[in-house]
Amino acid sequence: MYIYTTDSVFSRYKKLHASDIYHHLRRNMGEEGIWKDVTKQGINPGKATILALGKAFPPQLVMQEYLVDGYFRSTNCDNPELKQKLTRLCKTTTVKTRYVVMSEEILMKYPELVSEGIPTVKQRLEICNEAVTEMAIEASQACMKNWGGSLSEITHLVYVSSSEARLPGGDLYLAKGLGLSPDTQRIMLYFAGCSGGVAGLRVAKDIAENNPGSRVLLATSETTIIGFKPPSADRPYDLVGVALFGDGAAAMIIGTDPILEYEKPLFELHTAVQEFLPHTEKKIDGRLTEEGISFKLARELPQIIEDSVEGFCDKLMSVVGFKNKEYNELFWAVHPGGPAILNRIEKRLDLLPEKLSASRRALMDYGNASSNTIVYVLEYMIEEGLKTRKDGGGDHEWGLILAFGPGITFEGILARNLCALKVT
């Protein structure tokens, strides 16, 4: 939150679920169906595919135009210089709306969250642990509904979050909340930051391909409460997070050899690569302290990503014989860490403006929701592809799914857009 506007303003918006997009696709495609032309001949046996997507959000909607006044009011701060700085940042992020867990009720119950120097990590984790589980359950249920399979078919669970800390971990509470079988194989990825969603997808791909017949539920869930702080002249970099980050959850079902009678494969995951850049571990620096998580993002982060993204992408593209520089022959699902990162990638690779449209839309509508955001990007890609085909155009079959996180770590997956296949 940060306390924002009136109910009349909130009422103009509604919570969006993945099922809205899927039902829209089916309704507009009629009997032909978006997946009608995807046959077994178009899917590589044994290769992992994304079979469904889902998402969920907390009830509080933040409208960027009301953020500054609300944030300073709720934190009892009256610093005109910091207020002016945050106003500028809110405009440059391109974010329009976000969902957040923070609310007036939480601040009334935990007023110490807006005080400097008070140990509050216990209170923050009480809020975060419950919130991320609730959102992850909701996103997973939405994903299951879109998938069409049954809960008993889930063999593995991969859970990703940088917003909680407990033992046992959130994977157990998610499995329990969903009613998964006790013998479901679980794995957690903690504190992978913005690259967590694609890292989780890489792990889910490996599990699916090494366990024939398995169905892997990948769930991500994040909230900024773990790092919520009042504005301070000693921490001006905190304002970047206030202007940029959002909360929510996302989910995917991953498996090989889809059963086309009820499974609708979206993307085939061909090759996954992870790479860290030596001597950059301090460029995205997070510390769990008695006052919650403190983050520092280096000013040169967009430049560092720009300098390395071309070689990283070329490595992935070479797997299937794409020549260097054929970037506009691919689709691009890029985690929108911020507008500067997207702008640098677009410039370095000489991408057409529409190539990062889905990433920019996700950033505008949800902010940088850390590990969740790649699912929001993929959903917008599906939606835009539908419109392109209805207008007589075509999608690119091959593309890259990318994210960048602490390390600095690059995560990339060379993928096929199965929605674009038309087998004749």
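Buried means under 20% relative accessible area, exposed over 50%, and partly exposed in between, with a 1.4 Å probe and protein chains only. Keep that scale in mind for the whole tour.

The model is predicted: local features need pLDDT of at least 70, side-chain atom pairs count only at pLDDT 80 or more, and totals for chains, interfaces and linings use all residues. Numbering runs from 1 along each chain as its sequence is written, and side-chain values use heavy atoms, with hydrogens and water left out.

**Stop 1: helix α4**

Select residues 80-92, helix α4. Helices here are DSSP runs of H or I with at least four residues, and strands are runs of E with at least two, numbered from the N terminus. Expected span is 1.5 Å times one less than the number of residues.

Now colour L82, L86, L89 and C90, the buried residues of α4. They cover an arc of only 100 degrees around the axis, so they sit on the same side of α4. The arc is taken from the directions from the helix axis to the C-beta atoms. An α-helix has 3.6 residues a turn, so residues three or four places apart point the same way.

What do these buried residues pack against? Show α3 (64-74) and α9 (238-244): those are the partners. Contact means heavy atoms within 4.5 Å.

Next, the ends. N79 caps the N-terminal end of α4, with a side-chain oxygen 3.1 Å from the backbone nitrogen of E81. Just after α4, T94 takes a positive phi of about 70 degrees.

**Stop 2: S370**

Go to the loop between α12 (357-366) and α13 (373-390), where S370 lies. S370 is buried, at 12% relative accessible area. Leaving out residues up to four places away in sequence, S370 touches G193, C194, E222 and H335.

Zoom in on G193. Its backbone oxygen lies 3.3 Å from a polar atom of the S370 side chain. A polar contact is a pair of N or O atoms within 3.5 Å; within protein, one must be able to donate a hydrogen and the other to accept it, and residues adjacent in sequence count only if both atoms are side-chain atoms.

**Stop 3: cysteines**

Select C194, buried at 18%. Then C419, buried at 4%. With a disulfide defined as a pair of cysteine sulfur atoms within 2.5 Å, the count comes to zero.

**Stop 4: D206**

Finish in helix α8 (residues 196-210), the place of D206. D206 is partly exposed, at 38%.
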